[in-house]
Amino acid sequence: MSNAFRIPRPRGASLVVALALAVPLFFLAVFFLWPVVAMLARGLVTPAGVDTAGFAAELTRPRTWKVAGQTLWMAAASTGCSVILGLPLAYVLYRLRLPGVRVVRAFVVVPFVLPTVVVGTAFRALLRADGPYGFLGWDSSPWAVVAAMVFFNTAVISRTVGPLWAALPPHAEAARTLGASPWRAFRTVTLVELAPAITSGAAIVFLFCSTSFGIVQTLGAPGYGTLETEIWVQTTTFLDLRAAAVLSLLQVVIVGIATAVAARATRRTSAALRLRPAARRKVSRSDIPALLISGTTVIFLIGAPLLTLVARSFQRSGTWTLENYRNLIGSSGFSGVSASDALRNSLTTGLSAAVLALLLGALLAFALASPWAPPRPVSAAAEGIALLPLGVSAVTVGFGLFLTIRMLVPSAQVLVPVAQAVVALPLVAGNCLLRRGS
């Protein structure tokens, strides 16, 4: 490209971009990297130096590799199922012209706002022997954990792949006019064009699944722990920080690989989204399989657990009642906090975390997507650091914050929205990057 067509660089643009990048990175350095490193150092470093012997001993324990293996295969199975179910859903919601499609899009992301422990309880009710899905025989099995993870993460695939699918030119239709079957056109044309978005979404889902805590504790314990739950057990039950540190390092390695894949795929997806969205087309006979798979997913995977939650809210001791809702007013839970106080605290904390994550994520997205962004190695490193909080153990981060910053703030409540903003920052920044690329 000649100099005549280059965007002129305003005076001070590089300084503005550098400051926009420095603010979120400084936030992550203080509230994420420092606590994580401190937690790992507490378990691996002794007055005599690094405890390499203890490190090697933990790595040779059968329990360590059993837990790591369970983490990998459950996360991989959940990711694969999420992709298989999320792709037809993305096609139906973003490519076809259907009534009420915006309502369905909103409905499939409802799982994101639900507490994982509550969802785990709903799945246990569905999968128990006398439950609607009891015939599957998945109660107290790792497949119950996989099903709940897919419930949460199918929407991640549909929302990651859907915008790109909506923007694809009609190459597949052209292939079909040349004699290709629908399956061949999808496999050789559409799937190749969607590969960056599929890879990005799958990597993010793998990060979520490999660090899931509430679902595993509710549906997988005892016997089906993951690195996340094992870090919690070693830290809180056995007070073995060395074992927790070793498990955290294993998790960081897994997360680092997935993060690198996600960051690379996200850049390719952002570039692809510069295409303009195509007009959604009418439903044809060839769309029936995708419609059937998507309808089954929405009704039986997403709708059934949500309906179970609603039904159980009106039940007590096997009878239908409104007593549960009456008790929300003025009653206190185990911690002595009323439901109204808990709701107010949740709203305040969530709003504070959302505002903080939005501001920092917007700055990061601006710096990385700007025409005057830093060189590719710097941008890639920044993206990788921003994605790390998605996969590092929340237990590690929490205890790290306690060891490093808790004594510097007047109240632990101040750290709650900060810790939530750390986790939300990569999601906000990734979404902003995709929007700027579209």
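The legends below describe an overview and close-up views of a predicted model.

**Figure 1. Overview of the chain, with its 17 helices and 4 strands.** The model is predicted. Of the 438 residues in the chain, 44% count as buried. Among contacts between residues at least 6 apart in sequence, 80% join residues that are at least 24 apart.

**Figure 2. Packing of helix α1 against helix α16.** Helix α1 covers residues 13-44 and helix α16 covers residues 394-404. Their axes are 7 Å apart and meet at an angle of about 90°. The two helices are therefore roughly perpendicular to each other, because angles of 65 to 115 degrees are counted that way. On the α1 side the contact consists of Phe 31, Phe 32, Trp 34, Pro 35, Val 36, Ala 38, Met 39 and Arg 42. Facing them in α16 are Thr 396, Val 397, Phe 399, Gly 400, Leu 401, Leu 403 and Thr 404. By class, the contact of α1 with α16 has 11 nonpolar, 3 polar and 1 charged residues.

**Figure 3. Packing of helix α6 against helix α12.** Helix α6 runs over residues 142-167 and helix α12 over residues 288-313. The axes lie 10 Å apart, at an angle of about 105°. That angle makes α6 roughly perpendicular to α12. Helix α6 contributes Ala 147, Val 150, Phe 151 and Thr 154 to the contact. From α12 come Thr 297, Leu 301, Ile 302, Pro 305 and Leu 306. The contact of α6 with α12 divides into 7 nonpolar and 2 polar residues, with no charged residues.

**Figure 4. Helix α14 and its buried residues.** Helix α14 has 31 residues, 339-369. From first C-alpha to last it reaches 43 Å, close to the 45 Å expected at 1.5 Å a residue. The buried residues of α14 are Thr 349, Ala 353, Ala 357, Leu 360, Gly 361, Leu 364, Ala 365, Ala 367 and Leu 368. An α-helix has 3.6 residues a turn, so residues three or four places apart point the same way.

**Figure 5. Salt bridge between Glu 230 and Arg 63.** The chain has a count of 3 salt bridges. Side chains of opposite charge can pair when their charged atoms come close. In the pair shown here, the N to O distance is 2.6 Å. The pair links distant parts of the chain, 167 residues apart: Glu 230 is in helix α10 (residues 227-236) and Arg 63 in helix α3 (residues 62-95). Glu 230 counts as buried because its relative accessibility is 6%, under the 20% cut-off. Arg 63 has a relative accessible area of 41% and is partly exposed.

**Figure 6. Salt bridge between Arg 124 and Asp 139.** The closest N and O atoms of this pair are 3.3 Å apart. Arg 124 is partly exposed at 27% relative accessibility. Asp 139, with a relative accessible area of 31%, is also partly exposed.

**Figure 7. Salt bridge between Asp 130 and Arg 128.** The side chains of Asp 130 and Arg 128 meet with an N to O distance of 3.0 Å. Asp 130 is exposed, its relative accessible area being 63%. Arg 128 counts as partly exposed, at 38% relative accessibility.

Technical notes:
Residues are numbered from 1 along each chain as its sequence is written. This is a predicted model: local features need pLDDT of at least 70, side-chain atom pairs count only at pLDDT 80 or more; totals for chains, interfaces and linings use all residues. Side-chain values use heavy atoms; hydrogens and water are left out. Axes are lines fitted to C-alpha atoms, for helices over the stretch in contact, and angles run from 0 to 180 degrees between N-to-C directions. Angles under 35 degrees count as roughly parallel, over 145 as roughly antiparallel, 65 to 115 as roughly perpendicular and the rest as oblique. Contact means heavy atoms within 4.5 Å. Ala, Val, Leu, Ile, Met, Phe, Trp, Tyr, Cys and Pro count as nonpolar, Asp, Glu, Lys and Arg as charged, and the others, Gly among them, as polar. The expected span of a helix is 1.5 Å times one less than its number of residues. Buried means under 20% relative accessible area, exposed over 50%, partly exposed in between (1.4 Å probe, protein chains only). A salt bridge is a side-chain nitrogen of Lys or Arg within 4 Å of a carboxyl oxygen of Asp or Glu.
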